[in-house]
Amino acid sequence: MSIIAWIAIGLLAGAVAKALMPGKDPGGIIVTMLIGIAGGLLGGFLGKVIFGVDSIDGFFDLSTWIAAIVGSVILLALYRLFTNRGHRRGHAHA
């Protein structure tokens with residue numbers, strides 16, 4: 001797939017991940033889009049390593065979208081975990 005296809009999948013996967021995990025994220029929509037793009041790559045990598053499948057078959061394959069969404073949800077959860085941890089420390093000192 002081309003880089004433009006990866007960006008499109010990542011943007012949409014990031015939006016789906018955000019819909020599955022509603023809430024306020026530090027960084028806004030730009031960070032969510034970047035998480036979606038990275039999540040697509042992560043999901044494809046994990047699908048290949050864990051399940052031994054080529055989860056990145058093509059733009060219209062369901063496995064590609066599932067892998068991208070799962071990767072995006074994982075990264076969004078990790079992002080929230082680490083950014084909220086920093087915010088709590090900042091408020092504890094005030």
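The following legends describe close-up views of a predicted model of a protein chain.

**Figure 1. Overall arrangement of the protein chain.** The predicted chain contains three helices and zero strands, and its elements follow the pattern α-α-α when read along the sequence. Of the 94 residues in the chain, 30% are buried. Among contacts between residues at least 6 apart in sequence, 70% join residues at least 24 apart. The chain exposes about 5900 Å², and carbon and sulfur atoms supply 75% of this area.

**Figure 2. Confidence along the predicted chain.** The mean pLDDT of the protein chain is 76, and 74% of its residues reach 70 or more. Confidence is highest in helix H1 (residues 3-20), at a mean of 81, and lowest in helix H3 (residues 62-92), at a mean of 76. Where pLDDT is low, the predicted coordinates should not be read in detail.

**Figure 3. Helix H2 and its buried residues.** Helix H2 (residues 28-51) has 24 residues, which at 1.5 Å a residue should span 34 Å. The buried residues of H2 are Thr32, Ile35, Gly36, Gly39, Gly40, Gly43, Gly44 and Gly47.

Figure 4. Ser72 is found in helix H3. Its relative accessible area is 0%, and Ser72 is therefore classed as buried, the cut-off being under 20%. Leaving aside neighbours within four places in sequence, Ser72 is in contact with Ala13, Gly14, Ala17, Ile35, Gly36, Gly39 and Gly40. Among these partners, Ile35, Gly36, Gly39 and Gly40 are also buried residues of H2.

**Figure 5. Val70 in helix H3.** Val70 is found in helix H3. With a relative accessible area of 44%, Val70 is partly exposed, because this class lies between the cut-offs of 20% and 50%. The C-alpha atoms of Val70 and Gly44 are separated by 9.3 Å, although these two residues are 26 residues apart along the chain. Gly44 is one of the buried residues of H2.

**Figure 6. A nonpolar patch on the surface.** The patch is formed by Leu62, Ile66, Val70, Ile74, Leu78, Leu81 and Phe82. Together these residues have about 640 Å² of accessible area. One member, Phe82, lies in helix H3. Phe82 has a relative accessible area of 51% and is therefore exposed, since exposed means over 50%. Val70, also a member of the patch, is partly exposed at 44%.

Conventions
Residues numbered from 1 in each chain as written. Predicted model: local features only at pLDDT ≥ 70, side-chain atom pairs only at ≥ 80, totals over all residues. Heavy atoms only, no water. pLDDT = per-residue confidence, 0-100. Helix = DSSP H or I, 4+ residues; strand = E, 2+ residues; numbered from the N terminus. Buried < 20%, exposed > 50% of the residue type's maximum accessible area, 1.4 Å probe, protein only. Contact = heavy atoms within 4.5 Å. Expected span 1.5 Å × (residues − 1). Patch = residues over 30% accessible without salt bridge, like charges linked within 9 Å, V, L, I, M, F, W, Y side chains within 5 Å. Areas by Shrake-Rupley, 256 points an atom, 1.4 Å probe, with all protein chains shown as cover. Salt bridge = Lys/Arg side-chain N within 4 Å of Asp/Glu carboxyl O.
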